[in-house]
Amino acid sequence: MQTSELLERHGFKLSHVYLLELIPIIEMMWADERNQAAEVGIMRTITQRHLDVLNQFAEGVTVISSADVDEFLNKLTTTRPSAELLKALRDITIDHLKNKGQLQAKNQTIFNYCVDMAAACVTQFPYKFDERIVESEKQLLLELIQALDLNADEPVSKLRA
């Protein structure tokens, strides 16, 4: 089944295909079962960076309308989507990137944003060194390492590039 059909099946527009790379980051935002204002702000910043890259390659053509971007983000950041929907969207994202031959080119950036999102909000301060990222976020990071086909043996400097 094509990416567009899978998106429509889950209630998304065809234009939302341009935002699929944001799905693992949104999933990370919800890993602790709540979104926080700082996380939503970070998501908006990441989205704008993503759109800037899209627009750079589109050479003046509007790839996705701001209304469609807002609809996508509102649907996934204002009310917690089910874990099943987020997992299904992650699978669609990974398959789409693999089919386009873009997974290896984009996996580091996606993962780095996920780490940034995981570290964005601490529920309790002061926190111990191993409490900065909660257990559910750590588990999701491990799943994303596998899903994004990241090499666990890569040096940290490359992961942060």
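This is a predicted model: local features need pLDDT of at least 70, side-chain atom pairs count only at pLDDT 80 or more; totals for chains, interfaces and linings use all residues.
**Entry 1: the core**

I started with the largest nonpolar core, which has 41 residues. Which members touch the most others? They turned out to be Ile-26, Met-28 and Phe-72. I then checked which elements give two or more residues to this core, and I wrote down α2 (23-29), α3 (37-58), α4 (66-77), α5 (83-99), α6 (103-118) and α7 (135-147). The top giver is α6, with seven residues.

Next I clicked on Ile-26 and looked up what it touches. Leaving out residues up to four places away in sequence, I got Met-43, Phe-72, Leu-73, Leu-76 and Leu-86.

**Entry 2: helix α5**

I wanted to check the length of α5. It has 17 residues, and at 1.5 Å a residue they should span 24 Å. The C-alpha atoms at its ends are 24 Å apart, so the two values agree.

Then I went through its buried residues. My list reads Leu-85, Leu-86, Ala-88, Leu-89, Arg-90, Ile-92, Thr-93, Ile-94, His-96 and Leu-97. What do the buried residues of α5 pack against? I found α1 (3-9), α2, α4, α6 and α7.

After α5 comes Gly-101, and I noted that its phi is positive, near 70 degrees.

**Entry 3: Asp-32**

I found Asp-32 in the loop between α2 and α3. Asp-32 is buried yet has no salt bridge. I looked for the nearest side chain of opposite charge, and that is Arg-34, 4.1 Å away. A salt bridge needs the nitrogen and the oxygen within 4 Å.

The backbone of Arg-34 is another story: its nitrogen lies 3.3 Å from a polar atom of the Asp-32 side chain. I also listed what Asp-32 touches, again not counting residues up to four places away: Glu-39, Val-134, Ser-136 and Glu-137.

**Entry 4: salt bridges**

A reminder to myself: side chains of opposite charge can pair when their charged atoms come close. How many salt bridges are there? The count comes to seven, and I looked at some of them.

First I looked at Asp-68 with Lys-13, where the closest N and O atoms are 2.8 Å apart. This pair links distant parts of the chain, since Asp-68 is in helix α4 and Lys-13 is in the loop between α1 and α2, 55 residues apart. Is Asp-68 buried or exposed? Its relative accessibility is 13%, so it counts as buried. Lys-13 is at 36%, so I put it down as partly exposed.

My last pair was Arg-90 with Glu-143, with the closest N and O atoms 3.0 Å apart. Here too distant parts of the chain are linked: Arg-90 is in helix α5 and Glu-143 is in helix α7, 53 residues apart. Arg-90 has a relative accessible area of 4%, so it is buried. Glu-143 is at 31% relative accessibility and counts as partly exposed.

One more thing I wrote down is a network: salt bridges that share partners join Lys-13, Asp-68 and Glu-71.

How values were computed. Residues are numbered from 1 along each chain as its sequence is written. Side-chain values use heavy atoms; hydrogens and water are left out. A nonpolar core is a set of buried Ala, Val, Leu, Ile, Met, Phe, Trp, Tyr and Cys residues joined through side-chain atoms within 4.5 Å. Buried means under 20% relative accessible area, exposed over 50%, partly exposed in between (1.4 Å probe, protein chains only). Helices (H or I, at least four residues) and strands (E, at least two) are DSSP runs, numbered from the N terminus. Contact means heavy atoms within 4.5 Å. The expected span of a helix is 1.5 Å times one less than its number of residues. Lys and Arg count as positive and Asp and Glu as negative; His and the chain ends are not counted. A polar contact is a pair of N or O atoms within 3.5 Å; within protein, one must be able to donate a hydrogen and the other to accept it, and residues adjacent in sequence count only if both atoms are side-chain atoms.
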